[in-house]
Structures are given as structure tokens and as C-alpha cells.
Amino acid sequence: MIRFENLSIKNKLIVLIVLTSVLVSVIALSFFSYLDVRSFKDELEQQGEINAHLIGNYCITPLTFGYADDARKILEELNTIPSIHNAFVYTEDNKLFAQYHKSPELAMDLPAIENKKSFYRNNYLHVFHEITFQGIKYGTVYFRISTSKIDEKITSMLYILIFLAVIVTIFSFIIAQKLQGIISKPLLHLSQLTKRVSEKDDYSIRIKQTGKDEIAHLQKGFNKMLEKLETRKDERDKAEQALRDSEEKYRQIVETAQEGIWIIDKKANTAFTNSRLVEMFGYSREEMLGKEFFTFMDDRYHMDAKKMLTNGKTLIPATNEFCFSKKNGDDIWVLMSTNPLYDDHKNYNGTLAMVADITDRKNNLKELEKYKNNLEKLVKQRTKKLREAQKELIRNEKMATLGKLTATVSHELRNPLGTIRSSFYTVQTRTKDKNLNIDRSLERIDRNISRCDNIIEDLLDYSRTKDLLFVEADIDSWFIEFFRDYQIPQNIELQTKLRSNAKTRIDLERFRRCIINLIDNACQAINGLDGEISHKNGIIKIITYVEKEHLLIDISDSGPGIAKENIDKIFEPLFSTKSFGFGLGLSVVRQVMDLHKGKISVKSQTDKGTTFSLKLPVSHYD
Amino acid sequence: MFILKRILYLILLIIPVFSLKAQVSYNDVKAVFIERFTRFIDWPDEQTIKNADNFIITVIDDADFYNTLTSVYENVKIKNKKVDVRQISDLKDIKGCQLLFIGSSQKKNLDAITKIAGEKDILTLSAGEGFAKQGTHINFFLKNNQVRFEVNEELLKESGFKVSYLLLNVARIVKKEK
């Protein structure tokens, strides 16, 4: 459907002129038609009243003398007036005196007399006329007059009206076609120029001014407007160029920045990313735009990020470290500086984040931390080794001293000790069975000679550096054989659990020395340091077993245990809590264990006892 | 009986003539018609009537009609004057009245009566066949049992009476025979 506002000005003018002409014509013609019809109706009314008056007058004497037939004849004269369909003459007391009907079909009952002289009702003009003569009322005459003539008149008027409207439309259209150019041509010209200006952006065009009317004012205004537009365009071009330069500069800054730039809107959705950011994350720009900030973030850091961005907005400028997930799934650590953005009404509008990739730094720090930890461990290890070396040094020093002592003892003590032993043997042989009551003293001498001999043996063993002679031995059988020769004091119960079923390579002599040292120590622990047999009962347990490819030998006693402050020193050479001896027994054990690539450890509880554990590699296992 | 009849006349004058014609006699109708005629006729010297005390109706030799008239007009006025009904038998007594009723018995004296009446501006009414043609102004006759009247229009004009066309419309117009 064509809308009026979409019509060209030319057509608008034509339509307006035609419409106005037709409207004015129709209104005028309608008005005149109305007046004409009105006048026609008035005339009809007047004629009706005149006829009623005349008929009434003629009926005066018939009414006076009661000549109803005369009155009827008078009414019949009305047949010359076809519009009068019915006529009645009433007597003075409103009774029917005479009546007339144009045709039987149009006959009607006597209507009641109304006060109005004439009126239109139901397509008829009704006329009542009072018949008077010289001031005396004789009766009333009534006419019912058809208004079909009025209808005919109105119909014909309508046809005329339509005909004239058509004529007026045609004429006004022809005239409007000719006249509209006066107004539309300059306007169309103006419109064409405006189009040219807008299409070609050419503000140098000017329109030629015609006349002095409103269109001329419009043309003048148009020219002035173009002048201003031209000036503004120049200014705008310059400003746009400056803006473009500035934009380009900022774009270059943004796109070449080493930091990622990330703008999120107030719903925390990505609104902008620079090249560096998409490069960092491995996504394309399209993949990031519109996505929520948190979707790129590792779950572990959601809480921290949400604290920073409460309800999707940064409350204060902040700098935080976050871990995000790259497109390939790798972690990326970033240092993020965020600043809230506000609109013109100071309402929160989003957040600008500067993002620096600190993954390498983080990794370096981790590596550094690892190195630091390793270094500490290394230092500890080295310190330990150093301490051990120091201990070794001390031991070596002690060994050097022992070496000298050994030379002296071996040469200076052995010979006199041999002499003592042989002399003692002579004394013992000669006093035997003589009941001199010196058996106990002789026994003590014998024991102490043996002890001295042992000390000398220990010293020699400890300082001896000759190669070991390893043989494979079944340890459980070895212990059984060992206890055939070795006598444990009577007050001490020996309990053995030999369950290793393993063989190990040992230097039989040295290993025997070790076991003797340990069992001697155990016996001394139970019986006391003087070496005398006490009446206290004690238990020594020997247990052999295999654990993780190693043969383990536990030698436990039920003695008083080793004092805590001494437990770290007991394997040091020349350390002894005894009133005699050099403190070499346990040092020799450890030295022998080292030479066997074994280990010795000790566990001790005060008043409950001490357990020494030997650990040797298994050479064969049944 | 007399009183009843008078009441009847009064009603007769008030109500239309035709509605009571069955109950009243021709004389009654004629009597009422007299007053109706005076409504449509002006006397040559109308001023004299206006100045007179009574409107005088004279009846020549017709006692019945005289009685009827007396009864009818006892309380009814003509031209706003009280009606004085007189009966005469001598022609000399004609003068002085405004309306003269000539009964059918006066056919032989008709010329003499009309001559006297014509001189004195007296409206002559008669009830005899052909009387109007012989010189009375208005003459009653019966047609289809209805009292009708004939008017000698020419004579009325000659006598100086002014007759309304309305009256002439319902009258039979006759001319005097020469």
C-alpha cells in the first residue's frame, strides 16, 4: 500500500490540490444541496398547509350545514395532487366528517389529531389544519403527503454531486499537474542537489536563488548550510586524520605491546584482546571474544579471581598473579594488573587488564627452589661426609698412636707377659693339690694374664692392615661350632635362634674376634665391669635371620644398657667406660664389619639391655 | 314537553346539524340553518343591525315554523343580538325586521312580499318550490331527505347583500324568472 508520506512532493501536491478541490466542491455542493432540499421541504410543507387551508375553507359550509357528501367531493378534488395520499376532515369535536384515499392500497385509519401543524414522519409529511371562519372553529383537515419527491430530489442531487465530484477531480488533477511545478520544481532541484552533496560529499555546490518567497529563503539557507558544512568538513577531515593517526599509533602500541591487553565487560565477558594476549593463550581472537574471563582460568584460581572481581567488577586497581590454561592445556602464569572502567555516568562498565606472561619466571623460581633444596641436601651430605672424614681422621690419628703403641706393646709386653705366663704355669703346677688356698688368686692371675693378652691381641688386630682371607661360611653352623669352644659364665643363659640358613663370605679369624668381643661385652654388661662372675642371672640372645638380601645377626643382653650420652661414642677407638682396656673392642668390630662391607648398629634401653646388630651381605641363600 | 324540546334545540345549535338530523324535524333544521346563513351574509346596512337591540325574524302566516323559531332562538343570538321572532299575517307588518320567512302558503302574495322586503333591506327566506326563482333570496327544498337550499345570487347582489362564496358553494344558485 502506498503511504502518503512516501509519495514524491509532486504527487503529494497533486493529491493535496485534488483532494482539497474535491473536498471543497463536495462540501459546497452538499451545503447547497442541503439548502435546496430544505427549501424543497419547506415549500412542500407550505404547499401542504395552503392546500389544507383551501380545502378547509371549502369545507366550512359543508361542515356548517352537515353536507358530508359535499366535503367528500371537495376532498376528491385532491386527486389532482398525486403526492397527497390521504386526507381527512374532522368535525369540530374531532370526529370523522369526510375522508379521501388516493387508492385503496394507500387507505389508512383516522389518525389522532396532533398539536403540530405539520411534521415529517415515516416518509410522509403530515399536515393538520384547523378550519375556522370568523373566529369560529368548524373542524380540522388532515393531509398525509408522500415525501417521495424529496427522496427523488435527494437522489438526483447525489448523482449531480458525484458527477460534479468526478468533473472537479478531473479538472483539478489537470490543473494540479500544471501548477504543482511552481512549488515542486525548485524543491526537487534542491532535493537533487542534496542527493549529490550526500553521494559525492561535495559541499562546494551552490543552488541558484529564485524569487523572494519561502523557497528562496530555503535556497539561501541551503547555500549557507553548505558553506558551514564545507568549513566543518575541512575541520572534521583534519580532526579525523589526527584521530586516525592517533588511533594507528595507539593500535601499534597495543598490538606491539609485550604485555597482553584484556578488556572485559561488566558481565566479565571478553570485549577486547590484543595480539600479544591471543599469542600468549594460543587461542584466536574470535575464540576469546565474548567468552567469560573465568573460562580461561585454572579452577584452582577461581576463588582468588572472584575475590578480585566481585560480581564481575574490579573494585579497586589491583595486581595479582593467576594461572590460566592455554588452548593446548598448558598452564600459563600471568601477572595481571587490573583497572576498573566507568561510563559517562560513573557506572562500572568493565575492567582493563594488563597481562604479563611470567610462566618462565615461575618455572625458574621452581627450578631455583629445587636447586636450593638439593644444595641444602648436598651440604648436609657433605657435612656428614666431612664429619665422617673428621672422625676417620681422628681414628687415623688414634690409629697412628695405636701403631706406635702396638709396636711397643707387641715387643715390650708380649715377652714379659710370656715370661709371666710360663712362671705362673710353674707356680700353678707346683702349688696344685697342696691346699694353699690360693686357687682363687691364681685363677684371677690367669684371667688377667688372658685379658692382657687379649688387649695386646686387640691392639695387634686393630693396627693390622694385612689382607683378609674370605671364605664362604654357613653362619648358623658357624655359631653352633663357635659355642662348642666358647664358655659363657654359668649365671648367664644363652638363647639362640639361628634361622638365617644363609651363607656369607667372612674372614673366619676376624669375624670370630668380632663375635667374641660382642659376647664378652655382653657378659661384662651382665656381670659387671670387674669381670667377676656375679650371682645375678642374665640372658644373652643370639638371633640370625635374612632381610632384604642381607644377613642380620642380633646379639642382645639383659644388662643395664648404655648411657645415652655414650651411645654415639662407643665405636670410637680408645673410648671405654671400663676401668681397664684400651677401648678397642667395638672399634675392631666396626673395622672388621667395614672390611666385610657390613654394618654394625646398636639399640640400648637403660635397665633393659642392649642389642648389637650385624649386617652382612648374603653370598648364598638356601 | 316544551322544556324538553327547548333543551333539544339548544343542543341542536351547539352540536353539528348532521349529527342530529334523524331526531329533529325539517323545521328544526331550517330554523338552525337561518342562524348559519347570517354568518355568511352581510346586510346592505350592517351598521343598522349592529345598532339595533334585537335581530328581528318575521314569519308570515306559518305558526308551526314561528313556534319552532321561538323555541330555537329563545336563548340563541344572531349577529350577537337577541332574536325577536314575530308572526304576521298582514303584509304591512313586514317592515322593521331583518329576516322574513315566507311559508309555502304565501305563493300568491310572493311578488308583493318580495317587493316590500326589497325596499326595506330584508333578507327573504322561503320554503316553497320555485320561490327563489320568483324573488326570494334563499329558498329551502328537500333532496334525498336532506334539507338543502337554493340562492338567488343575482337578487342578493341587487338587494345589496354580500354573500360569501362559501355559502354559494353548497347552495343551488337560481335566477329570477322574468
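**Chain contacts and sheets**

Author: 17 residues of chain B are in contact with 17 residues of chain A, where contact means heavy atoms within 4.5 Å. This is a predicted model, where local features need pLDDT of at least 70, side-chain atom pairs count only at pLDDT 80 or more, and totals for chains, interfaces and linings use all residues. Residues are numbered from 1 along each chain as its sequence is written, chains are lettered from A and ligands numbered from 1 in the order in which they are written, and side-chain values use heavy atoms, with hydrogens and water left out.

Reader: OK, what's the area buried between chain B and chain A?
Author: About 1,500 Å², and carbon and sulfur atoms give 64% of that. Buried area is the accessible area (1.4 Å probe) that two parts lose on being put together, summed over both.

Reader: How many salt bridges across the interface of chain B and chain A?
Author: The rule finds 1 there; a salt bridge is a side-chain nitrogen of Lys or Arg within 4 Å of a carboxyl oxygen of Asp or Glu. Arg148(B) and Asp70(A) form it through their side chains, at 3.2 Å, N to O.

Reader: Which elements give two or more residues to chain B's side?
Author: They are α2 (26-40), β8 (146-151) and α8 (165-170) of chain B. Helices (H or I, at least four residues) and strands (E, at least two) are DSSP runs, numbered from the N terminus.

Reader: And how do the residues on that side divide?
Author: Into 12 nonpolar, 2 polar and 3 charged. Here Ala, Val, Leu, Ile, Met, Phe, Trp, Tyr, Cys and Pro count as nonpolar, Asp, Glu, Lys and Arg as charged, and the others, Gly among them, as polar.

Reader: Switching topic: what's the strand order in the antiparallel open sheet of chain A?
Author: β2-β1-β5-β4-β3, so 5 strands; two strands pair if DSSP finds at least two bridges between them.

Reader: Which strands stand at the edges there?
Author: β2 (96-101) and β3 of chain A, each with a single partner strand, so one side of each has no neighbour in the sheet. From one strand to the next the twist averages 15°; axes are lines fitted to C-alpha atoms, for helices over the stretch in contact, and angles run from 0 to 180 degrees between N-to-C directions.

Reader: What sits between β3(A) and β4(A)?
Author: A turn with 2 residues between the strands of this hairpin, where Asn122(A) has a positive phi of about 50°. The strands, residues 118-121 and 124-133, are joined by 4 bridges, and Ser118(A) has Val127(A) as its bridge partner.

Reader: What about the sheet with mixed pairing?
Author: That open sheet of chain A has 5 strands in the order β14-β16-β17-β19-β18. At its edges are β14 (492-498) and β18 of chain A, each with a single partner strand, so one side of each is left without a neighbour in the sheet.

Reader: Which helix packs on it?
Author: Helix α12 (residues 508-527) of chain A, touching β14, β16 (538-547), β17, β18 and β19 of chain A. The helix direction makes about 145° with that of β16(A).

Reader: Last one: how many salt bridges over all chains?
Author: 26 by this rule. One of them pairs the side chains of Lys327(A) and Glu287(A), at 2.9 Å, N to O. Lys327(A) lies in the loop between β10 (318-325) and β11 (331-342) and Glu287(A) in helix α7 (residues 285-288), all of chain A, so the pair ties together parts 40 residues apart in sequence.
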